[in-house]
Amino acid sequence: MERAIRVQCYQTLANYRKPSSFIIKETYPLPPYSTVLGMIHAICGFTELHRMKISIQGCNQGTVSELYTRYSFNAGGKYEPGRHQICVKDNDKEYGVFKGIANVELVCENSMIIHIVPEKEDFDIVYQSILMPKKYPALGRYEDLLDIQSVDIVNIYQVEEAEPEMDIYIPVNQFDDIDIRSATTYTLNKEYEITKNGLRRWKKDGGKVKVYYFPKGETVYDAYVDDYKGGSTVVALA
């Protein structure tokens, strides 16, 4: 058996932005691993990468589109009256910034269960930090606050088959010769590294995880579940 921290949580509205979306900020149906990892690091006060395995599942009431103010500029772009809406001054130089309206896609009323398996030495730190966060937790944008409803320590064990009660991310490598026609495939970011130039770059090994967005009610064979209140919530760690 493996111990995990089980977090039941809720968000009224949230945007888990797809990296490839710019004009319209599209959203994943659930937060990617990198977003959850970032939130955990923030509430724990971690300043360096602490590796952990995560399982993410949830159900929502669909998506809505909302307007937001968008600012854009070209590095070194000289301010031009009539073309730029904002002038930014830096010493003797003036730079032009465009201001306009764009759309953001928001997930509505997202109820989630997140399982976290930190390294053994970090387990109690992460558990206590989720119970008493150093800063208010958010998933997605800074304003997408997370309502943590319960935090429990559970055991994870394997069963022959189980049915997820929520839509869930399941890593593709956990399936073996199974025909999955009702699942969407995503490649989600998880871990990044700092380059010599001080830039963030997704790691080649473990930086991205290919997953199925697996619908609730479908059977998962050789599944892992938790023992929360004698139940059998499916767990798919990545």
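Q: Is asparagine 91 buried or exposed in this structure?
A: In this predicted model, asparagine 91 sits in the loop between β5 (86-90) and β6 (93-118). Residues count as exposed when their relative accessible area is over 50%. Asparagine 91 has a relative accessible area of 75%, and therefore its class is exposed.

Q: Where does aspartate 222 lie, a residue with a positive phi?
A: The phi of aspartate 222 is near 50°, a positive value in a residue other than glycine. With a relative accessible area of 55%, aspartate 222 is exposed. Its place in the chain is within residues 220-226, which form strand β13.

Q: Is asparagine 15 buried or exposed?
A: Asparagine 15 belongs to the loop between β1 (2-14) and β2 (24-25). Leaving aside neighbours within four places in sequence, asparagine 15 is in contact with several residues, including Lys25, Val104, Leu106, Arg141 and Asp144. The cut-off for a buried residue is under 20% relative accessible area. Because the relative accessibility of asparagine 15 is 3%, this residue counts as buried.

Q: Which residue has its backbone nitrogen 3.3 Å from a polar atom of the asparagine 15 side chain?
A: A polar contact requires a pair of N or O atoms within 3.5 Å. At 3.3 Å from a polar atom of the asparagine 15 side chain lies the backbone nitrogen of arginine 17.

Q: How are helices α1 and α2 oriented to each other?
A: Helix α1 (residues 33-44) packs with helix α2 (residues 123-131) at an angle of about 85°, their axes being 9 Å apart. The contact is made by Ile40, Ile43 and Cys44 of α1 together with Ile125, Val126, Ser129 and Ile130 of α2, and these residues divide into six nonpolar, one polar and no charged. Angles of 65 to 115 degrees count as roughly perpendicular, and α1 and α2 are therefore roughly perpendicular.

Q: Which element gives the most to the largest nonpolar core?
A: The largest nonpolar core has 36 residues, and among the members that touch the most others are Ile5, Ile40 and Val126. At least two residues of this core come from each of β1, α1, β3 (52-59), β6, α2, β9 (184-189) and β12 (208-214). With seven residues, the element that gives the most to this core is α1.

Methods
Residues numbered from 1 in each chain as written. Predicted model: local features only at pLDDT ≥ 70, side-chain atom pairs only at ≥ 80, totals over all residues. Heavy atoms only, no water. Helix = DSSP H or I, 4+ residues; strand = E, 2+ residues; numbered from the N terminus. Buried < 20%, exposed > 50% of the residue type's maximum accessible area, 1.4 Å probe, protein only. Polar contact = N/O pair within 3.5 Å; in protein donor to acceptor, adjacent residues only side chain to side chain. Contact = heavy atoms within 4.5 Å. Axes fitted to C-alpha atoms, helices over the stretch in contact; angles between N-to-C directions. Parallel < 35°, antiparallel > 145°, perpendicular 65-115°, else oblique. Nonpolar A, V, L, I, M, F, W, Y, C, P; charged D, E, K, R; others polar. Core = buried A, V, L, I, M, F, W, Y, C linked by side-chain atoms within 4.5 Å.
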